[in-house]
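Reader: Could you please take me through the aromatic rings in this structure?

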Amino acid sequence: MLEVIEKKIQQLRPKLESRVPSGNELHGHAAVLLALTNQPDPEVILTLRAEHLSSHSGEVSLPGGRWEEGDPSLEFTALRETEEEIGVPPEAVRILGPLWKRSTRWEVEVTPWVGIVSPDVPMTPNPGELDAIFRVPLSFFLADPRIRTDRITIDQRAIYLPAYQFDEYEIWGFTAGILTEFLTRILGARIEHSDDVPLRALS
């Protein structure tokens with residue numbers, strides 16, 4: 001599966017990189033890392049944000065955060081935040097490239113970056129930011145075992161996104177949006193909303 005992912009991202013990388021903010025455009029942007037383990041059925045690394053945080057508390061997310069002064073790029077931001085949150089250093093991540101920017105409900109534009117890590121990479125949650133780190137096989141999402149379909153509005157558009165339950169973790173909203181867009185546009189998965197319209201038609 002990783003070979004398919006890498007080949008597709010290589011094909012798209014020049015076009016996608018041309019859309020990544022840089023220089024003076026970086027202010028107000030953010031980046032996350034969609035880290036996949038190097039396995040036949042890759043696992044995506046997810047985090048549970050701490051309950052005491054003022055925003056997104058108790059929600060499942062990808063490692064990442066806002067661009068900071070001194071970050072030369074959003075790729076750097078994603079890797080810096082990943083090390084701060086889960087203890088994985090940049091040299092342990094092989095970046096394949098960016099995905100499509102997505103806006104949060106607070107109108108922050110986030111650029112996801114896909115990276116490959118060893119399945120044995122040590123990870124430690126930053127107690128100031130996270131309550132847990134966990135991994136979910138991509139095959140779980142490809143099977144689309146959703147518990148519901150959420151309707152959200154972004155940029156005055158209605159978007160339908162699946163929500164999933166994996167063990168004690170509920171994966172929904174913005175994180176589910178990044179994952180389903182990755183699965184539909186990179187792996188060609190057919191993940192649909194309640195009216196049987198493919199998500200790729202809404203992206």
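Author: Ring pairs join F140, F141, Y164 and F166 into a cluster; rings of Phe, Tyr and Trp (its six-membered ring) pair if their centres lie within 6.5 Å, and planes under 30 degrees apart count as stacked, over 60 as edge-to-face and the rest as tilted. This is a predicted model, in which local features need pLDDT of at least 70 and side-chain atom pairs count only at pLDDT 80 or more, while totals for chains, interfaces and linings use all residues. Residues are numbered from 1 along each chain as its sequence is written, and side-chain values use heavy atoms, with hydrogens and water left out.

Reader: How many aromatic pairs does a search of the whole structure find?

Author: The search finds five aromatic pairs. One of them is F134 with Y169, a stacked pair at 3.8 Å centre to centre with 5° between the planes.

Reader: Which strands do F134 and Y169 lie in?

Author: F134 lies in strand β8 (residues 130-137) and Y169 in strand β11 (residues 169-171), so the pair ties together parts 35 residues apart in sequence. Strands (E, at least two residues) are DSSP runs, numbered from the N terminus.

Reader: Are F134 and Y169 buried or exposed?

Author: Both F134 and Y169 are buried, meaning under 20% relative accessible area, whereas exposed means over 50% (1.4 Å probe, protein chains only).

Reader: And how are F140 and F141 arranged?

Author: F140 and F141 form an edge-to-face pair, 5.3 Å centre to centre with 80° between the planes. F140 counts as buried because its relative accessibility is 17%, and F141 because its value is 1%.

Methods: Helices (H or I, at least four residues) and strands (E, at least two) are DSSP runs, numbered from the N terminus.
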